[in-house]
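I opened the model to look up its aromatic pairs.

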Amino acid sequence: MKRTTFAIGSLIFSSVLLLGACSNAEQTNDSPKSTESASSESTHDEHAGMDHSGSGELPKGLREAENPAYPPGSKAEINAEHMPGMNGAEATITGAYQTTAYSVSYASSITGDKVENHKWIIHEEVKDPSQKKLDPGSEVTVNADHSDGMSGAKAQVESAEETTVYMVDYTDTDSGQEVTNHKWVTEAELSAK
């Protein structure tokens with residue numbers, strides 16, 4: 001009888017240990033998924049405040065491009081990853097403008113979070129723009145609201161490119177959401193369909 005009680009007790013004890021070990025293994029296996037999920041959420045969060053669609057309102061002084069490679073109404077493929085769901089999407093060109101495009105780094109005027117190498121703002125979206133192109137390293141105040149905390153932010157120009165920029169409509173390849181009047185895609189970020 002004592003042996004049976006001892007055997008049953010040992011069996012129960014072993015079962016509890018085994019279940020505990022399985023539970024820890026499952027938590028360990030889930031941890032990387034949680035980390036991946038959190039990391040993809042934080043990448044997505046970087047763009048959460050981004051206004052994928054725009055009003056179509058143009059900054060003062062912006063000139064239409066005379067002979068754009070992709071005239072308004074034409075189609076092109078987007079080859080840029082400014083945000084998830086953009087790369088590979090078919091774009092309908094809604095506007096083509098001759099200007100200087102800047103990639104900028106800035107601290108959000110709302111959260112203070114640093115945004116690195118945002119593409120793109122254009123010369124006409126800089127507060128009190130000079131007549132000439134700004135050089136990398138220039139300090140500017142952003143006069144655009146492509147994302148929350150951008151308007152009024154102090155920014156540093158990372159790169160400057162004289163180009164044709166395009167306002168485009170496209171369907172987000174991840175969510176299926178229609179994006180209208182998105183600002184901006186450069187000519188180098190488009191290819192013929």
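This is a predicted model: local features need pLDDT of at least 70, side-chain atom pairs count only at pLDDT 80 or more; totals for chains, interfaces and linings use all residues.

I call a residue buried under 20% relative accessible area, exposed over 50%, and partly exposed in between (1.4 Å probe, protein chains only). Residues are numbered from 1 along each chain as its sequence is written, and side-chain values use heavy atoms, without hydrogens and water.

Aromatic pairs next. I pair rings of Phe, Tyr and Trp (its six-membered ring) with centres within 6.5 Å; planes under 30 degrees apart are stacked, over 60 edge-to-face, the rest tilted. I get two aromatic pairs. Tyr70 and Tyr166 are edge-to-face, at 5.8 Å centre to centre and 75 degrees between the planes. Tyr70 sits in the loop between strands S1 and S2, Tyr166 in strand S6, 96 residues apart. Strands (E, at least two residues) are DSSP runs numbered from the N terminus. Tyr166 is buried at 0% relative accessibility. Tyr70 is buried too, at 13%.

Tyr97 and Trp184 have ring centres 5.9 Å apart and planes at 80 degrees, so I log the pair as edge-to-face. Tyr97 lies in S3 and Trp184 in S7. Both are buried.

Which strands pair with S6? I count two strands as paired if DSSP finds at least two bridges between them. S3 pairs antiparallel with S6 over 15 bridges. S7 joins S6 antiparallel through six bridges, with Met167 partnering Lys183.

Methods:
Helices (H or I, at least four residues) and strands (E, at least two) are DSSP runs, numbered from the N terminus.
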